[in-house]
Amino acid sequence: MSNANTNAAVAASFAKRINLQQYVVYFGFVAIFLFFAIVLKDSGFLTVRNLSNIVLQTAPVTIMAIGLVFVMSAGEIDLSIGSTVGVTALAAAVTINQYGLVAGVLAGLGAGLLIGLINGAMVAYVKLPSFLVTLATLGLLAGVSRSMTDLRSVPVIHETFVGLFGSGSFLGIPSLMWWTAIAVAAGHMIYRETRFGAHVLATGDNARAASVSGINVPRIRLTVLMISGTLAGLAGLLYAGRLQAAKYTLGETDLMTVIAAVIVGGTLLNGGKGSIIGALVGSLMMGMLNNGLILMGLSVSDQMIVRGLIILTAVAVSLREKNR
Amino acid sequence: MLERIIAAAFAGGLIFAAANFANAQTVGPQGEAATPSSSVTLSDADIATLKGKGYKAALLWHTSSDFTNAVSAGAKDEFARGGINIVVTTDAQFDAARQRSDIETALAAKPNVILALPLDPVTSAEAFRQAVKDGTKLVFLSNLPKGYKHGTDYASIVTDDLFQMGKQAADAMAKAIGGKGKVGYIFHDATYYVTNQRDKAFKTTIEKDYPDIKIVAEQGISDPARAEELASAMLLQHPDLDGIYVTWAEPADGVLSALRNAGNPKTKIVTLDLAEPEALDMVKGGNVAALVADKAYELGRAMAAAGMKSLLGQETPPFVVAPALTVTKDNVAQGWKDSLNRNAPQSVLDAAK
Amino acid sequence: MDAKVIASAGQPVLKLQDISKNFGGITAIENFSLEVYPGEIVALVGDNGAGKSTLIKIISGVHAPSAGTITIEGQSVTMSSATMARSHGIEVVYQDLALADQQTVYMNMFLGREPVTRLGLLDRRKMIADTEKLVKELDVRIPSAHATIRDLSGGQRQGVAIARATHWANKLILLDEPTAALGVAETAKVEEIVQSLKQRNIGVLMISHSLDQVFRLSDRICVLRRGKQIGVRRTAETSKNEIIAMITGLQEH
C-alpha cells in the first residue's frame, strides 16, 4: 500500500471514529429522551420535578462511575464499590450520631479511602488481579456492613448533614446536583488535563510501555482504586443524606448500573480510553431509562427486559466501534 | 418463597413485635385490634361513586415473586371494579435507596393511591414523605414507616396473619396424626421475623391445645440445603416420629427425601407456603399431610379496597389481617387459586385426578 | 583496537569497560568493552543467546553490571533503572516499541514526561507543536500528531518510536530490531530515518538480525558470541563472510 493510500484510509477511519464512537452515548441519550418526551408527555415525564428527580437519583451512581472510569482506564476493575457504599454510609451515620458532622463525614470518606487502599495495595504490590481482589472485598464488605449494626438501619438526624448531602440546596440548586457537578468537573479535569490522568490511560493501555517510560505503574493502580473507594464513600454519604438513614443494603444493587453507565459512556473495559463526561451522560441515561420505563406503566419484568435490551444495544454499539 | 422470608428479614423494625401469644392473636403497631380482611369491602354505591373519577394507582413492591404477583393481581382486580388504573408498578430489589427513587418516579405519574411494602421503617420514613405531602393515599403491606400516623399519613396496614399460619399448621398436624403422638419440630434458626413468628405459633399451639402430642425432637436450621442430613439424624434418634413440622417448603424437600431414603411412609410432614414437590407428594398420599399458606391475592384485594375507601373519604381500619389457608389433598386446586390466584402446577393437578 | 581508528571523532558518548554480568552462577556477559561515538551507528550482532539483549538491558539501566564500568561522555555512571538511563540521555527503542496504542502520537512522544503549564495542567499545545516539528524533520509520515497509534501502520509506529527516542536522547539511542516486523517499503523508510539520526550527532547502538541491514546502516560492527566480544570491525573494511564466520565461531579473533 502506498503511503498516500494508508494516510487516506487512516484519515477516513479517524473521521468515522470521531463521528460515531465518541458520541454514541450522546445520541442514545437524546434519542431516549425524545422518545420518552413524546410517549410520556401526559404522564409527568417532562415535569421539572421529574427531570430533577432523575438527576438527584443518579447522583450516587454518577459519582461511583467517575471512580470507575479511572479504575477501568488503568485496566483494572473495582467490583467492591457497591458494598463499600453500605459500609461507608453506616460508618458515617453511626459516627455522626455520636461525634457529630465532621467526624461522620471523615469516617465515611475515610472508610472508603481505606477500602480503596486495601484493594489497591493487593493489586499494585501483591500483584493480584483486581477482578479477584475486589470480588473478594465485595463479599467481605457485604459481611462487614451486615455485622456493623446487626442488620439494623441507623437513622441520621443531623440537620446540617442531611442538608449538605441530602435534601438541602444552595443558590436554589439541590446539594446532590452540586456534588455531581463538582465531582464531574474535578474528575474530568484530573482525567483529561493532568499528568496523572495521562499516566492512568497509559497504564491501562500498555502497562509495560508506561513502566519503561518511567511511569510508576503500581502507584497508578493503587491510586485509582483509592479514588474509586473514596468516591464510593462519598456516594455512601449521599445515600445516607438522601434517606436520612443508613442501611447495609445501600448501593448493593448499583454495581451493574455503574458499570453499564461507564461502558455506555465510552470507557473501554480493558483500559486506555474513557470519558468522565460520557460516564455522567451514561449514568443519567440509566436513570432516565428506569424512570421512563416505570412511568410507561410496564410490568416489572417488562421493565427489566426492555432496560436490558437497551443497555445491551448501547454497549454493543459503543464497544463495537472501539474494539474493531 | 424464600424471597418473602428475606423480605421480612429486611423489614427491620417489624410491626408485629406486639403480637401477643398469650391472647393468641395478632395486634397492630399501636396495639390496634386486627380487622379481618373480609370485612374491608366496598358497597355498590361506593363503586358507582368511584367510577369515572379517573383515579390512578401505583404498586411499589420490594421484589418480584409469586407472592407480589398474586398481591398485584388481587389489587388490580379490586381496583378495576372501581375503574382505577394501575399506572406504575416497581420492584425495589430490597434496596432502600431504590425504593425512594421508585416512589419519586411514581409520583410523577400523579397516582391517587399507592400500595407499597416499605422495606424498613427507618429508611422508608423519609422515602414516603413526598407521597404524604402530595396527598396520595397510602396503604402499606406488612410494615409501617417510623412515626407515621393512621388517618393523616396512611390509610391502612394490611398483613398476613402469621400467628394463624403457625396455629393452623399445628391444627393440621394434630388432625393428620389423630390428635396424639410424637412430633419433630424443625424451626428456622435465624432472626427472621416471619418464620420465627410462625414457628413459635406452631409450638405454642401444640403445647397449649394438644396435651397428647409431644414435641420430642427440636432442630434449628439455617441452610435449607442441610435439611436432609438434619432430618436423617432426627429420624435415627426418633424412628417412631408421627409427624415433623418444617419451617418452610424448601427445607421440607430435604426432610421428604430423608423419609423416602429411610423407607418411612408413615411420618407426616406439615410445612408452610405452597411448593410443587410437597404438593405433589401430598396428593399422591405420601408423607406431606398439609401445607399452610397465606392468601396473597386477598392481601392485594384488601389493600386496594382500603385504598379506595380512603379515596372516598371513608373511615379505614388501621390494621387489616388476611387469613391463613390450610391446603390438603382435598382442596389443593382451590388452595392454589385462593393463595396465589393461579392454577396449581399441572403435575399436581394431574396427580390429584 | 579498531575503535581507536575513529577516536579522532572526539570523546565517546558511551564507553563500556570490562563489563560482566552473572545471573546466579551463569555468566551472561564476560569482560565486554565497547565505545560508541557521536554521529556513529554501531551494530551489535550475534547468534540468539549471545548476550545482546542482556547488554542492551545493562546499557538502558534495567540490569546493573556485576563488574566493569559504564562511562557516559567521560563520566562514570551507575544506573539502577531505565529512568536513570534516560536522565543520562540514553533512550531505547524496544522491539515491541512500547507505545500506548489508544493514545495519540503526541501523548506517546511525551509518555511519562509530559510537559505541564504553570497551572500544573498538561501543555498539549507544546506537545503537539514539538511532535509536528520532529516528525517533519525525521520525515515520519503520519496523518497528524492527533492520530491514534492503533490507526498507524507498522512503519509509522516504528517511526514514532524512533522519533520519541530522538526527541529525548541527547547522547545515545539503542535500537532493538528496528525493522523486524516490517515489509520492504517500510523497512527502507525506517532505515532512512535511522540514517538521518547521524546528522543529529547522537550515537546509535543497534541490534539487528539482518546482516544486509547492518551493512547498509552501520559504521562499525561488534560481534558477540556466548557473552564475549569476538571483535569489532569497520563496516567499510569487512565482509559479510568475515562477520558470519565471527558469529558462528569459525574464525577466532
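Student: Which residues does the domain assignment of chain B give to domain 1 and domain 2?
Tutor: In this predicted model, domain 1 of chain B takes in 2-160 + 296-322, and domain 2 takes in 162-295 + 327-352.

Student: How far apart do the C-alpha centres of domain 1 and domain 2 of chain B lie?
Tutor: A distance of 30 Å separates the C-alpha centres of domain 1 of chain B and domain 2 of chain B.

Student: And how many helices and strands does chain B have?
Tutor: Chain B contains 14 helices and 13 strands. Its radius of gyration is 21 Å, close to the 20 Å from the globule rule for 353 residues, so chain B is as compact as a globular protein of that length.

Student: What does the C-alpha trace of chain B span along its principal axes?
Tutor: The spans are about 65 × 40 × 35 Å.

Student: What percentage of the residues of chain B count as buried?
Tutor: Of its 353 residues, 60% count as buried. As for contacts in chain B with a separation of 6 or more, 75% of them come from residues 24 or more positions apart.

Student: Changing topic: how many residues of chain B are in contact with chain A?
Tutor: On the chain B side there are 27 residues, in contact with 29 residues of chain A. The elements of chain B that give two or more residues to this side are β3 (85-91), α4 (96-108) and α5 (121-127).

Student: Which element gives the largest share?
Tutor: That is α4(B), with 10 residues on the side of chain B that touches chain A. By class, this side of chain B divides into 10 nonpolar, 8 polar and 9 charged residues.

Student: What domains does the assignment give for chain C?
Tutor: Domain 1 of chain C covers 1-89 + 172-179 + 198-253, and domain 2 covers 98-168. The C-alpha centres of these two domains of chain C lie 28 Å apart.

Student: How many residues of domain 1 of chain C are in contact with domain 2 of chain C?
Tutor: In chain C, 4 residues of domain 1 are in contact with 4 residues of domain 2. The domain 1 side of that contact has 2 nonpolar, no polar and 2 charged residues.

Technical notes:
Residues are numbered from 1 along each chain as its sequence is written. Chains are lettered from A and ligands numbered from 1 in the order in which they are written. This is a predicted model: local features need pLDDT of at least 70, side-chain atom pairs count only at pLDDT 80 or more; totals for chains, interfaces and linings use all residues. Helices (H or I, at least four residues) and strands (E, at least two) are DSSP runs, numbered from the N terminus. The radius of gyration is taken over C-alpha atoms; the globule rule is 2.2 Å times the number of residues to the power 0.38. A residue is buried if 20 or more other C-beta atoms lie within 10 Å of its own, exposed if 12 or fewer, and partly exposed in between; C-beta atoms are placed from the backbone. Two residues are in contact if their C-beta atoms, placed from the backbone, lie within 7 Å. Domain bounds come from an automatic or database domain assignment. Ala, Val, Leu, Ile, Met, Phe, Trp, Tyr, Cys and Pro count as nonpolar, Asp, Glu, Lys and Arg as charged, and the others, Gly among them, as polar.
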